[in-house]
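Subject: Handover of a structure

Dear colleague,

Please find below the sequence and the structure that I am handing over to you. A short account of the findings follows.

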Amino acid sequence: MGVPLRPVAARSVYREFAPPPAIADVVACGWHGRTGWARPLRVLPDGCADLVWDGAALTVVVTVGAPLRLWVPASATRVGVRLRCGAAAAVLGTAIPDLPAVVGLGELWGADARRAEEQLAAADPVAQRGILETLVARRNAQPDRRVLAAVHALGATTRTSDVAVGLSERALRRHFVHAVGAGPKQLHRVRRFQRFLRLLEPLAAGRVSLAGAAADLGYADQSHLGRECRRLSGSSPAALVRVAEKFQTPAPPARHDRAHVPSHHRRAL
């Protein structure tokens, strides 16, 4: 449900896996995580929604505009699939603004979710991920391609004015709010913050400066970057860099984990 930036200290593990091609349009990745010690987990916003199996219940977790804190017991194992930003509303069958940050999938899908929970309870983590992927595939969701194109553009540009998908600004915002839970400007801020999080390792290694990162990402200055980090994570940029410097998830050997994909979203602390 998030990428731990502090996994090594107590044998925490987090791995992401490429989705089957049949659902790659709506699923960003599957993942498996295990916490090494009991703590509140801070999930950072990325505009995505995760289907999460925690061993007892199947839930939907959505983060759009602010960090979310969840209590995680020691040695807890979680398996999930991350729905692509802009695709979750079509998969879940409801507008994202109508959802709380955490909701039981049974409240949305009823018997289908309860049958999936029974299967998940009897399966190992690898099989659990497959069950979740199959559950999503059965929805045969058709997300709005214009929203997906706009989301992709916002992940690569520093200006919302660069997004052109054949919709007026007003219509684009209406579609965005339904599919993402936020307008294009808010999502742009979140996506830019996510690009900053991908720079934490080079920042920690001294290959990039905070001032340089702020300029490259389109922030007005380093202070602007600091304000955005505190608003979206609750921490300063320097604090996030210190965490990344001390604790990083080691990449598994490629021969043992061919399906592993690099993290797209630094979501959790």
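I begin with a pair of helices. Helix α3 (residues 111-121) packs against helix α4 (residues 125-139) at an angle of about 160°, and their axes lie 10 Å apart. Helices here are DSSP runs of H or I with at least four residues, strands are runs of E with at least two, and both are numbered from the N terminus. Axes are lines fitted to C-alpha atoms, for helices over the stretch in contact, with angles from 0 to 180 degrees between N-to-C directions. The crossing of α3 and α4 is right-handed, that is, the near helix is turned clockwise from the far one by less than a right angle. From α3, D112, A116, Q119 and L120 meet Q128, I131, L132, L135 and R139 of α4, where contact means heavy atoms within 4.5 Å. By class, this contact has 5 nonpolar, 2 polar and 2 charged residues; Ala, Val, Leu, Ile, Met, Phe, Trp, Tyr, Cys and Pro count as nonpolar, Asp, Glu, Lys and Arg as charged, and the others, Gly among them, as polar.

Please note that this is a predicted model, in which local features need pLDDT of at least 70 and side-chain atom pairs count only at pLDDT 80 or more, while totals for chains, interfaces and linings use all residues. Residues are numbered from 1 along each chain as its sequence is written, and side-chain values use heavy atoms, with hydrogens and water left out.

N140 is placed in the loop between α4 and α5 (145-154). Most residues other than glycine have a negative phi. N140, although not a glycine, has a positive phi of about 50°. N140 counts as exposed, at 57% relative accessibility (exposed means over 50% relative accessible area, buried under 20%, partly exposed in between, with a 1.4 Å probe and protein chains only).

R191, in helix α7 (residues 184-197), has a relative accessible area of 16%. Its C-alpha atom is 6.8 Å from that of L154, 37 residues away along the chain. V52, in strand β4 (residues 49-53), is buried at 3%.

For the chain as a whole, there are 11 helices and 8 strands, and 50% of the 269 residues are buried.

Yours sincerely
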